[in-house]
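Have the coordinates open as you read.

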Amino acid sequence: MISTKVESLINEQIAKEQYAAQYYLAMSAWFETQDLEGLANYFRVQSKEELMHADKMFDYLNDVGGKVILQTIPAPPSEFADALDIFEKALAHEKEVTKSIFNIVKVATEENDYATTSFLQWFINEQVEEEATASQYVSKIKMVKDNPSALYLFDQELGQRVFTADAEA
């Protein structure tokens with residue numbers, strides 16, 4: 001049985017994952033207005049991944065006898081300065097998500113909730129990957145700067161990304 005404290009934190013995390021999906025969708029929309037469909041695609045796929053993360057947590061709470069309590073999701077910003085601004089905000093957001101997941105693990109560990117700590121290991125590994133990717137893309141956008149040819153190539157690269165639901169966790 002999951003504690004009410006851990007249950008509450010996971011419910012909060014579900015909301016954070018849903019917010020992240022909306023945040024990345026707003027970023028995707030901004031890139032669409034700039035006719036950068038590849039960059040828009042990247043963030044559209046990010047949005048879908050965040051919803052998948054929320055779904056995993058939703059299912060986990062139900063599996064362990066917890067109660068899912070959906071929360072209000074605030075509207076994300078819709079205005080961004082430029083591509084670098086977006087990628088830096090995405091990296092900062094991923095770092096916040098990582099802190100939040102680490103906090104749930106900390107509390108679950110304190111409460112000897114081994115099932116939850118085991119479940120969250122997938123998310124820890126995912127966050128390492130998410131932060132590394134976001135950091136690399138910040139570096140790449142900085143390299144591109146105002147070079148339209150380089151931006152075009154980067155846009156084409158990110159346009160190749162496709163969403164695949166993870167079979168694990």
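Lys89 counts as partly exposed because its relative accessibility is 31%, where buried means under 20% relative accessible area, exposed over 50% and partly exposed in between (1.4 Å probe, protein chains only). Its salt-bridge partner is Asp85, with the closest N and O atoms 3.3 Å apart. Asp85 is buried, because its relative accessible area is 15%. Both residues sit in helix α3, four residues apart, about one turn of the helix.

Before going on, a word on the ground rules. This is a predicted model, so local features need pLDDT of at least 70 and side-chain atom pairs count only at pLDDT 80 or more, while totals for chains, interfaces and linings use all residues. Residues are numbered from 1 along each chain as its sequence is written, and side-chain values use heavy atoms, with hydrogens and water left out.

How many salt bridges are there? The count comes to five, taking a salt bridge as a side-chain nitrogen of Lys or Arg within 4 Å of a carboxyl oxygen of Asp or Glu. Helices here are DSSP runs (H or I, at least four residues), numbered from the N terminus.

| Salt bridge | N to O distance | Lys accessibility |
|---|---|---|
| Lys89 and Asp85 | 3.3 Å | 31% |
| Lys99 and Glu96 | 3.4 Å | 54% |
| Lys106 and Glu110 | 3.2 Å | 48% |

Lys99 and Glu96 are both in helix α3 too, three residues apart, again about one turn. Lys99 counts as exposed, whereas Glu96 is partly exposed at 46%. Lys106 and Glu110 are separated by about one helical turn because they are four residues apart in helix α3. Lys106 is partly exposed.

Now for Thr116, which is found in helix α4. Is Thr116 buried or exposed? It counts as buried, because its relative accessibility is 0%. Its side chain makes a 2.7 Å polar contact with that of Tyr60 (a pair of N or O atoms within 3.5 Å; within protein, one must be able to donate a hydrogen and the other to accept it, and residues adjacent in sequence count only if both atoms are side-chain atoms). Setting aside neighbours within four places in sequence, Thr116 is in contact (heavy atoms within 4.5 Å) with Ile2, Val6, Ile10, Tyr60, Ile104 and Ala108.

On to the voids. On a 1 Å grid over the protein atoms alone, a cavity is a set of points where a 1.4 Å probe fits but cannot get out; a pocket is an open set with protein on both sides within 12 Å along at least five of seven lines, and lining residues have an atom within 4 Å of a point. The largest cavity has a volume of about 70 Å³, and its lining includes Tyr24, Phe43, Phe87 and Glu130. Helices α2 (37-63), α3 (83-110) and α4 (114-144) each supply at least two residues of that lining.

The largest pocket has a volume of about 250 Å³. It is lined by 15 residues, and Asp82, Ala83, Leu84, Lys145 and Asp146 lie nearest its centre. Helix α4 gives the most to this pocket's lining, with three residues.

Terms used
Points joined across faces, edges and corners; volume = space filled by probe spheres on them.
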